[in-house]
Amino acid sequence: MGFRTLEISQAAEIHIREGQLEILTKDGIAYVPIEDLCQIMVHGSNIRLSTMDLSILAKNKVSLMTLDEKYLPTAIVLPFDGHARQSKLMHAQVKTNEETYLTLWIQIIKQKINNQARVLSIIGAENIENVMKYLINIDKEHVDYYEALSAKEYFSLYHKGLNRRVEDPINSRLNYGYAIVRSAIARKLVSTGFHPTFGIHHDSQLNAFNLADDLIEPYRAMVDLVVHQNIGSNLKLTKLERQNIAHVLHNACIIDGKKVNVLSSIDIMIESLKRIILKESNEELKLPLLLPIESMEGISE
């Protein structure tokens, strides 16, 4: 399984030759082994890649995401036939009862808030208890209500005056980081046999990745922590800023009692979800616990 995220943001012609991605730009030719890649992020004009090469990437479980000028995802290319047990798992997704999904959603939101509080602690914010207090009140009837309240409190402490609905330098960086993690989750979901449209909580008929948008929630804080160290004044990110934020996939976290990188933790979380959906286990969903930034590039479970 690949571990590298490749960004292409200038005019380029891309070919695949003998297991290598060949990238031709005005600066010359670069080669990247396909087996090293987990995803490719594309934003910019005049980037050419044949449909045959897209098929080769999909067969090798490499996702390709296109981003707009605000670093928001506009499309994701994923393998159609992801897993030998794909049909069985998709049927199980549809048949899973609402009670099970609600229980999973509560676990996800509790870990999201816990990780947000850990971000605030690491960056030295005050009044962290104003976020943690919502964990006590979360129940089946009020999970979304208290999630919204905690998020509002969290972002006010994370960066004074931050409004997630406006276009500014911080949101540009957050959106880019979230897109990186969302794509990695979507890729693993499809390769495991899940249908990403069928969510645990999100159920928009206009969203092809409801399940990825559910599972990203505990990971958002990990992006937040990286972005807090890469805050700039420019709306458009530099190449170095994008590289630093994309590195979030290689930062350390704890899951199932193990210290692994974020990319490996996504694998563990989704394999755990598969066992739950197929009723092979009564375990709680394995979710990541945020750690201070520490690189574990190239290190997997």
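**Start: the cysteines**

The count of disulfides, each a pair of cysteine sulfur atoms within 2.5 Å, comes to zero in this structure. The structure is a predicted model, in which local features need pLDDT of at least 70 and side-chain atom pairs count only at pLDDT 80 or more, while totals for chains, interfaces and linings use all residues. Residues are numbered from 1 along each chain as its sequence is written, and side-chain values use heavy atoms, with hydrogens and water left out.

Select Cys 38 and Cys 253. Cys 38 is buried, at 1% relative accessibility, and Cys 253 is buried at 0%. Here, buried means under 20% relative accessible area, exposed means over 50%, and partly exposed lies in between (1.4 Å probe, protein chains only).

**The nonpolar cores**

In soluble globular proteins, nonpolar side chains tend to be buried together. A nonpolar core is a set of buried Ala, Val, Leu, Ile, Met, Phe, Trp, Tyr and Cys residues joined through side-chain atoms within 4.5 Å. The largest one here has 78 residues, and Tyr 158, Ile 185 and Leu 215 have the most contacts inside it. Next, select helix H6 (residues 169-192), which supplies the largest share of this core, 12 residues. Helices (H or I, at least four residues) and strands (E, at least two) are DSSP runs, numbered from the N terminus.

Apart from this core lies another, of 15 residues, including Ala 12, Ile 23, Val 32 and Leu 57.

Return to Tyr 158 and display its contacts, where contact means heavy atoms within 4.5 Å. Leaving aside neighbours within four places in sequence, the partners of Tyr 158 include Val 119, Leu 120, Ile 170 and Leu 174, as well as Asp 224 and His 228.

**Arg 173 in helix H6**

Select Arg 173, which lies in helix H6. Is Arg 173 buried or exposed? Arg 173 is buried, with a relative accessible area of 0%. A polar atom of its side chain lies 2.8 Å from the backbone oxygen of Pro 169. Such a polar contact is a pair of N or O atoms within 3.5 Å; within protein, one must be able to donate a hydrogen and the other to accept it, and residues adjacent in sequence count only if both atoms are side-chain atoms. Not counting residues up to four places away in sequence, Arg 173 also touches a set of residues that includes Asn 230, Asn 234, Glu 241 and Ile 245.

The arc is that of the directions from the helix axis to the C-beta atoms.

**Tyr 219 in helix H8**

Select Tyr 219 in helix H8. Tyr 219 is buried, at 1% relative accessibility. Among the residues that Tyr 219 touches, not counting those up to four places away in sequence, are Val 181, Ile 185, Met 269 and Pro 288.

Which residues of helix H4 (residues 129-137) are buried? They are Val 131, Tyr 134 and Leu 135. These residues cover an arc of only 110 degrees around the axis, which puts them on the same side of H4. Helix H3 (98-122) and helix H5 (143-158) are among the elements that cover them.

In the loop between H3 and H4, select Asn 127. Its phi is near 60 degrees, a positive value in a residue other than glycine. Asn 127 is partly exposed, at 38% relative accessibility.

Lys 279 is exposed, with a relative accessible area of 73%.

Finally, select strand E3 (residues 20-25) and strand E4 (residues 28-33), which pair in the antiparallel sense over six bridges. Two strands pair if DSSP finds at least two bridges between them. E3 and E4 form a hairpin with two residues between them, and Leu 21 has Val 32 in E4 as its bridge partner.
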